[in-house]
2 protein chains.
Amino acid sequence: MNKFLAKVNSRIQEKKTFVCVGLDPDLEKLPEKFRRADEPILEFNKYIIAATQDLAACYKPNLAFYEMHGLAGLKALAATLRYIPAEIPVILDAKRGDIGNTSQAYAKAIFTEFGADAATLSPYMGEDSITPFLAYKENYSFVLCLTSNKGAQDFQKPELYKKVAAKIQGWQNTYGNCGAVVGATHPQEIRGLREIITEAFFLIPGVGAQGGELAGTVQAARNKQNSGFLINSSRGIIYADDPAAAAEKLRAEINKLIS
Amino acid sequence: MNKFLAKVNSRIQEKKTFVCVGLDPDLEKLPEKFRRADEPILEFNKYIIAATQDLAACYKPNLAFYEMHGLAGLKALAATLRYIPAEIPVILDAKRGDIGNTSQAYAKAIFTEFGADAATLSPYMGEDSITPFLAYKENYSFVLCLTSNKGAQDFQKPELYKKVAAKIQGWQNTYGNCGAVVGATHPQEIRGLREIITEAFFLIPGVGAQGGELAGTVQAARNKQNSGFLINSSRGIIYADDPAAAAEKLRAEINKLIS
């Protein structure tokens, strides 16, 4: 089994958690004591990871929040990735996608240079922009399908996201390491998507700050094995007064929904 | 007038060039003497820039080819950007796009940290993924519309790219700094796109290694001012035995087509 799936399935079985913790540190929102630290982002991430490592099914840093600080930010990301315990899978939220030889370069950046277990990809440029990532058989790729933001109305709805979903299922059939990003703001549509993408993992942002609906989303997203989904929370956990309590609350709510 | 447009229009008028030089260095393809250098990518880029700086309307480094080498690659990119003469605009080919607060972070990375004049963006996530970039009024954004690769058939055709084009024209009307990426492999469709996006710049990859058709593309892409397009060549120039001659040949071919 591929490395990402092996790790994430272990976390789900052993830790009973479907919670993906989004590591998206925004300097202006960090508590004062971290803003004054020598390495604010790294120190903050270490604090979040220490607090949540028994509760997280995976961690998901979004590259934007590191790139915005230039080389120092990317060094903080690399150090953060080294700090995450090896048994917890890492999804690098990158939303990449380019022509074939360029997607090959991005795949190397994410899976080899940063050493992430999984990535998020944007499907606009079609199959040859995605398959260079899927060629990394030990890694996993989540392709944007129906996103959590308002702009999902502009192009994805009413039909494009279903066409993308059908392609994702085809890539999953061929490569076995392709899932979808679907937003918790669309529980109705997720039910239909689970009929197209029957088994593969859904990465689900949009609960918390974005106002997604957890109960309907989990019911619609789970596969026949009562698994196959990861509920991401970034701001809802990392800026909570007690990040461990916020992660545990989400973990428990999800488990109640699938029991 | 916005900084990118001022620079690129000056280059077009003063240097009579519509050539965008793609700085996509692939270590394995570099001439032996650069591969043995202390900083292969930076040294190679300096050689290309020195050879083409009187012929380039702009430079377009694709972030993937730097990210694939981790922090060392991004340092080489930063040094490359410092080396490019200030009067030549830089498009950072990034194909970014994410939810609003994350696109804000990417825009800061590209326009402030790297200091690029322009960026390429992916529209899959819709308007709120694009407007944080357009809010940088001195910068310019090229949104993927109809790309040069085979995968353009998967989702962009037959209708999506026209819907995206209509949005691009709307964003251009509102912000004045939004163009489109259209591939030279679709000269017929570019004619229709120029009717939707009447004035804004088209960034056109796909000549050279990807087999696009130059004459039909230029005829279809130019706006009523006989301008409004940039023809990118990456591999066709940077790996030529004589990059200056290759850039000059492309420059002259384009000028002949619009005279």
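In chain B, helix α8(B) is followed by Gly176(B), a residue whose phi is positive, near 75 degrees; helices here are DSSP runs of H or I with at least four residues, and strands are runs of E with at least two, numbered from the N terminus. The model is predicted, and local features need pLDDT of at least 70, whereas side-chain atom pairs count only at pLDDT 80 or more. Residues are numbered from 1 along each chain as its sequence is written, and side-chain values use heavy atoms, with hydrogens and water left out.

Among the residues of α8(B) that are buried are Leu160(B), Tyr161(B), Val164(B), Ala165(B) and Ile168(B), where buried means under 20% relative accessible area with a 1.4 Å probe, protein chains only. The cover over the buried residues of α8(B) includes α8 of chain A, together with α7, β5, β6 and α9 of chain B, contact being heavy atoms within 4.5 Å.

Chain B can be laid on chain A with an RMSD of 0.0 Å by a turn of 180 degrees and a shift of 0.0 Å along the axis, which is the relation of a two-fold axis; copies are superposed by least squares on the C-alpha atoms of residues with pLDDT of at least 70 in both. Of the residues of chain B, Tyr124(B) comes closest to the rotation axis, with its C-alpha at 3.0 Å.

Technical notes: Chains lettered and ligands numbered in written order. Buried < 20%, exposed > 50% of the residue type's maximum accessible area, 1.4 Å probe, protein only.
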